[in-house]
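Thank you all for coming; I would like to walk you through one structure this morning, taking its contacts in turn. Please have a look at it first.

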Amino acid sequence: MVTLNEKIRDIISAYKLSDRQFAIKIGVTQSVIGSMFQKGTEPSSKVIRNTLSAFPEISADWFLRDTGEMLKSQSKELERINSLLDTITTLQDTINAKSNTIAMLTDRIKQLENQLGK
């Protein structure tokens, strides 16, 4: 399981920020962030809350529960892709069923034509 400190490092890295820039963006002093990383202490509720407020595109599920993708848009895009894959699978099953029906009916037509021709 990834720690909150590691996730904050991921956010800082993804946005190409310095620790100082990150601290300013979330409204805390750089010493709060530095101390958190140096001592390995978990971030305070203020740091967590302010991080999610300052970066609304960060998924709270990823940040707090370690599920899904870091960015909400990535999670939504994956959901959309999975939905499209489900739709494609359903359509392919329908196409296959119709092809089987057409083949069966074609065979039946040939049988009836042979019976009429005799």
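Which side chain meets that of Asp19 in a salt bridge? Before I answer, please keep in mind that this is a predicted model. The partner is Arg9, with N and O 2.7 Å apart, and the pair links distant parts of the chain, since Asp19 sits in helix 2 and Arg9 in helix 1, 10 residues apart. Asp19 is partly exposed, at 21% relative accessibility, and Arg9 is partly exposed too, at 36%.

The structure holds three salt bridges, and another of them joins Lys7 to Asp66, whose closest N and O atoms are 2.9 Å apart. Lys7 belongs to helix 1 (residues 4-14), whereas Asp66 is in the loop between helix 5 and helix 6, so this pair ties together parts that are 59 residues apart in sequence. Lys7 is buried, because its relative accessible area is 2%, under the 20% cut-off, while Asp66 is partly exposed at 31%.

In the remaining bridge, Arg65 meets Asp61 at 2.3 Å, N to O; both residues lie in helix 5, four residues apart, or about one turn of the helix.

Let me turn to how helices pack. The axes of helix 2 (residues 19-26) and helix 4 (residues 45-54) come within 8 Å and cross at roughly 90 degrees, and the two helices are therefore roughly perpendicular to each other. Where they meet, Phe22, Lys25 and Ile26 of helix 2 are in contact with Val47, Asn50, Thr51 and Ala54 of helix 4.

Finally, on the surface, Leu78, Ile81, Leu85 and Ile88 form a nonpolar patch with about 350 Å² of accessible area together.

Key. Residues numbered from 1 in each chain as written. Predicted model: local features only at pLDDT ≥ 70, side-chain atom pairs only at ≥ 80, totals over all residues. Heavy atoms only, no water. Patch = residues over 30% accessible without salt bridge, like charges linked within 9 Å, V, L, I, M, F, W, Y side chains within 5 Å. Areas by Shrake-Rupley, 256 points an atom, 1.4 Å probe, with all protein chains shown as cover. Salt bridge = Lys/Arg side-chain N within 4 Å of Asp/Glu carboxyl O. Axes fitted to C-alpha atoms, helices over the stretch in contact; angles between N-to-C directions. Parallel < 35°, antiparallel > 145°, perpendicular 65-115°, else oblique. Contact = heavy atoms within 4.5 Å. Buried < 20%, exposed > 50% of the residue type's maximum accessible area, 1.4 Å probe, protein only.
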